[in-house]
Amino acid sequence: RTSFGKNTITKVVSTGCHSLQSGTSLIDVAVAAGGAGGGLKGGGGAGGLQILQNQTTAVGGSIPITIGAGGAKVSCSPASCAQGKDGTDTVFGNPPNPITSTGGGGGGGDGSSPGTADGRPGGSGGGGGSTPNSISPSNKADGGTGTPGQGNAGGAGCSICNSAGQGGNNTASGGGGGAGGAGTAARTDGPGPVQGAGGAGSPIAPIFGCAPQPFYSANVSNSGNTACGTLSGGGGGGAFGFDPSAGPGTSGAGGVGGGGRGGFGSPPSGHGPVAATAGVANSGGGGGGGNPGPSTANAAGGSGVVFIKELNKASGVWSMQSQFQ
């Protein structure tokens with residue numbers, strides 16, 4: 001099989017139809033769904049990611065694409081501090097066999113009511129929040145599960161997170177899962193509440209080219225343009241406050257691949273507060289978890305994206321002149 005150089009790569013960031021070049025018969029495609037918003041504690045799960053090679057298409061055809069939106073940030077009022085909003089699916093191709101990547105699962109809340117502390121399931125699962133002892137005697141909030149072949153689970157959160165057995169503000173949350181790895185659980189030993197980091201995304205550079213490329217976005221919020229080609233990183237866990245006897249604590253880092261950083265409020269002097277950041281747009285990254293404070297609230301997930309690499313291949317016998325051209 002031979003190719004005549006039609007190696008065009010297209011980044012699709014909005015819903016519509018993509019028209020293939022004349023002669024295109026095979027494509028490689030990466031399909032990332034929208035990342036979830038962080039909860040009022042746990043980090044948002046990344047959007048599901050599927051990477052497929054040598055997909056047969058109608059020559060010169062048109063392919064419908066739906067780009068999934070990132071999950072919105074949530075508020076404590078008027079409802080209780082609940083789970084983050086899920087991301088929405090990204091769909092590539094016509095029925096009955098489109099490629100559908102599942103939106104990320106929202107991060108866990110503060111456990112004000114039963115069930116709201118756990119991370120939600122999704123393409124990648126949201127990180128677990130923190131839960132009062134009266135709601136969860138085990139002092140554990142589970143991370144949400146991921147979709148097989150698309151993403152990973154979120155990390156667990158806890159309400160008693162150090163060896164001294166202190167509760168109250170000494171709570172910690174888990175990071176959202178990423179396409180390439182699970183979210184990190186909150187630390188359950190040591191002096192201070194340490195939030196889990198978001199799971200890493202998956203690289204697409206082996207197919208679409210090594211960084212820098214003009215069509216690659218930042219791996220993590222505020223890290224600059226044309227970073228290494230990685231999609232669907234989980235959001236970092238956030239926290240409400242700080243226990244002076246337990247240490248200042250830390251917020252969870254966003255996962256490589258567009259995951260947002262978790263927020264951290266009410267720290268001692270010189271330690272913050274730290275604002276949560278959103279998942280990077282068109283990365284599928286999960287948003288950082290946060291707390292009810294206006295400057296450190298949870299953040300939204302990043303929207304999805306589709307990458308298409310068109311291949312113009314054909315079988316047959318070709319002259320050396322054709323090969324050279």
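In this briefing, Ala, Val, Leu, Ile, Met, Phe, Trp, Tyr, Cys and Pro count as nonpolar, Asp, Glu, Lys and Arg as charged, and the others, Gly among them, as polar. By these classes, the lining of the largest pocket has seven nonpolar, eight polar and no charged residues. The model is predicted: local features need pLDDT of at least 70, side-chain atom pairs count only at pLDDT 80 or more, and totals for chains, interfaces and linings use all residues. Residues are numbered from 1 along each chain as its sequence is written, and side-chain values use heavy atoms, with hydrogens and water left out.

**Pocket and cavity**
- On a 1 Å grid over the protein atoms alone, a cavity is a set of points where a 1.4 Å probe fits but cannot get out, and a pocket is an open set with protein on both sides within 12 Å along at least five of seven lines; lining residues have an atom within 4 Å of a point.
- The lining of the largest pocket comprises 15 residues, of which Thr56, Thr57, Phe92, Gly93 and Asn94 lie nearest its centre.
- The structure holds one cavity of 30 Å³ or more, and 13 residues line the largest cavity.
- Nearest the centre of the largest cavity lie Tyr216, Ser217, Thr230, Leu231 and Phe307.
- The lining of the largest cavity divides into six nonpolar, six polar and one charged residue.

**Sheet**
- Strands are DSSP runs (E, at least two residues), numbered from the N terminus, and two strands pair if DSSP finds at least two bridges between them.
- Four strands form an open antiparallel sheet in the order β2-β13-β4-β5.
- Strand β4 (residues 26-32) is joined to strand β13 (residues 305-311) by seven bridges; Val29 has Ile308 of β13 as its bridge partner.

Methods
Grid points are joined across faces, edges and corners, and a volume is the space filled by probe spheres set on the points.
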